[in-house]
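Morning, everyone. Please bring up the sequence and the structure, and I'll talk you through a few places in it.

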Amino acid sequence: MRILRVVGTCLVAAIPTLILATLIVFMLQRLIPGDPAVAIAGEYATPENLERIREELGLNQPLIMQYLTWIGNAFTGDLGTSFQTGESITALVMQRLPLTALLTLMALLVAILVGLPTGVIAAQKVDTAFDRFLTTGATFGIAIPNFWLGMMLIIVFALNLGWFPGPGGVSLQDDPAGALRALVLPALALGLVGGAEICRQVRSAMVESLSTDYVRTHRAKGLSNRSIVWKHALKNSSLPFATIVGLQVSRLIGGAVVVEAVFGLSGIGSLAVEATNQRDYGVIQAVVFVAAVIVLLTNLIVDVSYRLLDPRIR
Amino acid sequence: MTFRSRAGAVAAALLLSVVAACGGGGSSDDADRTLRVAAVSDASSLDPIRGNAGTDHILLYPIYDTLISYTEGLEAEPGLAESWEQPSPTELVLKLREGVTFHDGEPLNAEAVVYNFERAVGEGSNIQADLAAVESATAVDEYTVSYKLKYADASLLLVLADRAGMMVSPKAAEAAGGDLSTKPVGAGGWEFVEWKRGAVIKVKRYADYWDSESDRVSAIDFNIIPDPKTRVTSLRSGQQDVVMDVSPSDAESLEKADGVELSDTPRVNINQVYVNTASEELGDPRVRKALSLAIDREALLKSAYFGRGSVAHGALPNDYWAEPPASVKSEFDPDQAKKLLADAGKSDLTFDMIANADSATIRVAEILKQQWADVGVTMNIRPLEIVQGTSDYFNDRKTPAYLSQWTGRPDPAMTYRLLFSADGYFNTSDKWTPGLEEALKKSDASTEPSERKAGFDEAAEAVFKDTSFLPLVFGNSIVGLSDDVEGFANNLLGKPKFKGVTLG
């Protein structure tokens, strides 16, 4: 019951954030220089074609009216039609979202699988050579751009070793097993950086937990090291862990834009890039809307998990 | 703990190899498998009259056969029309092939052709300008169509090898409310199967195709991969059979790689500096000539295009039936350039040039900046993303110069008109290049290349004399092919058709 109330409160609090986010994007994208009519007419631009296209797009309405119409429709699930193709944007986003969702999930898994154990191990060996090796590695990990890491992974594991397929030609709908396999390298490229960050955060949280009085008490009464670290100390470090994992989700969605380009994946990241190049305002707006919803939901889950993990939080 | 971490590492390695091993399916050796083509960008539309990008053509040709076709050297040859004649310079009569059907089983006859003409000049069409010279099209009999022209325009023949000649099924067009963007029905060698936006366009062999003798693969998947490096690695890792538009900087490493070949052929696509001949800075023809003389095109070709292309003297390349005459030659002569600038009183010329903000174009802009600095000219590069660049230059005319490309058109007159006529959208001066209008008229009397050549020679000379633009380099069309691909042939437009391609 308490959880339900929490969820409800968080959801209500999320709505203004969502509206604000879409409003900002709506105004910002109008600041992107370049006329959408020019993008749409392309090589066949003539003064007559440009005039006709501007008329068709209805860009002559007041901005605030355009926005109100859009937001009204968006909350009923209608994200409008694409300038460029005249198709339903909802259908367009739904077709490309699953790939990005799967990629982000796999990357998050990579990040946690890499970050959590290394962080815990490093915390137990504070200030040893091994700890320094891990933290330096993590610092490098955070600094490595994921597109570069992606290209290196392709060269080593796809081109030279041939363990994984190279970029391009992935279809989740036609060949789910093949797609899963093709997503391993992109998930590594996207997730390893997040893993490095999780490692650092978990390490410092664990160092703190391990130096508390109750841990000393546990040791004094003869509890095994394994039980102290994995059961007691880790549980008390779980709040920062939940926070950093929540933050990673938004990072990963942002990073997907770049990683999808490197691996030739057609998810919503690459959709955002195409739409920006084409000045397809409706599609940009929809991608941001969807991303904002995902981030807000993640925050909600993190908030709820705080309350589950730590009974002191009401 | 040591044991534990080691166990973790082993587990991770195991997991990786299991994932690597499952799925397995690379390319099969089946010769009748699907041809996988990596395309640069998604179709802007699959309706020929609604699209807007030159990159669409390779996606459209398999679905739509054109009335007229063209040879690798861009001369007209029979397509859906098996012959044509020109009773007068203002009339073109096409004789259609008999027994051709659209993918929906509808017959392709004169009536269908007339329907397509009316559609192309009607509402919602992007290509009305291509057919501006045509007064009317009429069906003379079941298989004969006559086009009546308002004025002589010999480019009509090759216009019919472009979008305007791609025949759609009238019945399907009516059923789709006039917009075939997502439900294309043509009379090409392959019929449409599926389009996943931004991901893939799939077509399969059309069983009742008129040219049943021709080699056609059973199906084609056009995978959309915008990043050039990703396209290349995709080919090298065996994910693709054909990759379009390999960048010159990647070509050499691809040539050396195993299992892949390179098709590196000339095309009409030109890298050029558009100049506004009505601008204050570049309004004097002597100044424009000086800028042209200050460019060392050989050096540019070598350093910016890795030697893959040819130096451009005019708007059209050599080894093309409409090539410029020998008198049109872009020399490199900095001393003469300085002299001309001094004569024009512009020795300290300063101007802005927009350049598309991709690394290859900016490299060219920087070389130009240096070469012009050598003759005392200061050029400021204004790097802009392509849509903004086009907008700022062609619409708002914010700078006197723009470094970009011209992708070319099937007919040479189309290029000259769009770039240098008073109402050409790509001409920011709104004035004809002196002498060009008369020259083009001479090229319009006949559709025979040999008879049109003299007019085009004059046109090239007029543009050269006025230096209405600064031609730089014709970049080759570089296509990567896996060793399985046979029979691939590119053309001067750099828009290959896949008829005749087989998988060995």
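**A glycine, a helix pair and a threonine**

A:Gly141 counts as buried, at 16% relative accessibility. Buried means under 20% relative accessible area, exposed over 50% and partly exposed in between, with a 1.4 Å probe and protein chains only.

A word on the ground rules. This is a predicted model, where local features need pLDDT of at least 70, side-chain atom pairs count only at pLDDT 80 or more, and totals for chains, interfaces and linings use all residues. Residues are numbered from 1 along each chain as its sequence is written, chains are lettered from A and ligands numbered from 1 in the order in which they are written, and side-chain values use heavy atoms, with hydrogens and water left out.

Back to the glycine. A:Gly141 sits in helix α6 of chain A. Helices are DSSP runs of H or I, at least four residues; strands are runs of E, at least two; both are numbered from the N terminus. What does A:Gly141 touch, not counting residues up to four places away in sequence? A:Val193 and A:Ala196. Contact here means heavy atoms within 4.5 Å.

Now the helix pair. Helix α6 (residues 129–143) and helix α9 (residues 184–210), both of chain A, have axes that come within 8 Å and cross at roughly 135 degrees. That makes α6(A) oblique to α9(A). For the cut-offs: under 35 degrees is roughly parallel, over 145 roughly antiparallel, 65 to 115 roughly perpendicular, and the rest oblique. The axes are lines fitted to C-alpha atoms, for helices over the stretch in contact, with angles from 0 to 180 degrees between N-to-C directions.

Who meets whom? From α6(A), the residues include A:Asp131, A:Thr135 and A:Gly141; from α9(A), they include A:Val193, A:Ala196 and A:Arg203.

Zoom out to chain A. It has 14 helices and zero strands. Its C-alpha trace spans about 85 × 55 × 35 Å along the principal axes. Of its 314 residues, 49% are buried. Among contacts with a separation of 6 or more, 76% join residues 24 or more positions apart.

Last stop, chain B. B:Thr66 lies in the loop between α2 (57–60) and β2 (68–70) of chain B. Is B:Thr66 buried or exposed? Buried, with a relative accessible area of 4%. Its side chain reaches the backbone oxygen of B:Ile68 at 2.6 Å. Leaving aside neighbours within four places in sequence, B:Thr66 is in contact with residues including B:Tyr61, B:Leu160, B:Asp162 and B:Lys497.

Terms used:
A polar contact is a pair of N or O atoms within 3.5 Å; within protein, one must be able to donate a hydrogen and the other to accept it, and residues adjacent in sequence count only if both atoms are side-chain atoms.
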